[in-house]
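The sequence and structure are shown first.

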Amino acid sequence: MNEIKKNKDGKSLTTQSHIDMELLYYEEIACDMFDVKPEELFGRTKPTNVVLARQFCMTYRNRYYRFSLKSSGLRYNRDHATALHARKMIDNYRITKDPNY
């Protein structure tokens, strides 16, 4: 079981279980945003809403939590090239379709 670790100033450090919980929360948000069931993120289906939700999740893991492209892709049964493509597509989506995204 992961324990909360403290640094030398007595402040708690983020544990792996805390990060895992946050990432699961963001997967739920993506599913709600794009009207997708959570299990669809890991499948082979390619409807636009499922692809966007999956791309959002891969990008978020890579960009904000510094997971490698390889591990971000593997989480969703994809490879690193797909995760890299996801980052590019989400950046494009943000700029062209939804500036508030």
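## Positive phi values

Asp35 is exposed, at a relative accessible area of 67%; here exposed means over 50%, buried under 20% and partly exposed in between, with a 1.4 Å probe and protein chains only. Asp35 belongs to the loop between H1 and H2, and its phi is near 55 degrees, a positive value in a residue other than glycine. Most residues other than glycine have a negative phi.

Arg66 is a further case, with phi near 60 degrees.

## Model and overall fold

The model is predicted, so local features need pLDDT of at least 70 and side-chain atom pairs count only at pLDDT 80 or more, while totals for chains, interfaces and linings use all residues. Residues are numbered from 1 along each chain as its sequence is written, and side-chain values use heavy atoms, with hydrogens and water left out. The mean pLDDT (the predictor's confidence in each residue, from 0 to 100) is 86 for the protein chain, and 81% of the residues score at least 70.

The protein chain contains four helices and zero strands, in the order α-α-α-α along the sequence. These elements are DSSP runs numbered from the N terminus, with helices (H or I) of at least four residues and strands (E) of at least two. Of the 101 residues, 29% are buried. Contacts are defined by heavy atoms within 4.5 Å; among those between residues at least 6 apart in sequence, 44% join residues at least 24 apart.

## Helix H2

Helix H2 covers residues 48-65, and its end C-alpha atoms are 25 Å apart, which agrees with the 26 Å that its 18 residues should span at 1.5 Å a residue. The expected span is 1.5 Å times one less than the number of residues.

The buried residues of H2 include Val50, Leu52, Phe56, Met58 and Tyr60. Among the elements that cover the buried residues of H2 are helix H1 (16-34), helix H3 (69-75) and helix H4 (80-96).

## Aromatic pairs and charges over rings

The structure holds six aromatic pairs. Rings of Phe, Tyr and Trp (its six-membered ring) pair if their centres lie within 6.5 Å, and planes under 30 degrees apart count as stacked, over 60 as edge-to-face and the rest as tilted. Tyr26 and Tyr60 form a tilted pair, because their ring centres are 4.3 Å apart and their planes stand at 35 degrees. This pair links helix H1 with helix H2, across 34 residues of sequence. Tyr26 is partly exposed at 25% relative accessible area, whereas Tyr60 counts as buried at 17%. Phe42 and Tyr76 form a stacked pair, with 5.4 Å from centre to centre and 15 degrees between the planes. Phe42 lies in the loop between H1 and H2 and Tyr76 in the loop between H3 and H4, so this pair ties together parts 34 residues apart in sequence. Phe42 is partly exposed at 28%, and Tyr76 is buried at 1%.

One aromatic cluster is formed by Tyr25, Tyr26, Phe56, Tyr60, Tyr64 and Tyr65. The charged end of Arg61 sits over the ring of Phe67, 4.3 Å from its centre, and Arg75 lies over the face of Tyr76 at 5.8 Å from the ring centre. A charge sits over a ring if NZ of Lys or CZ of Arg is within 6 Å of the ring centre and within 35 degrees of the ring normal.
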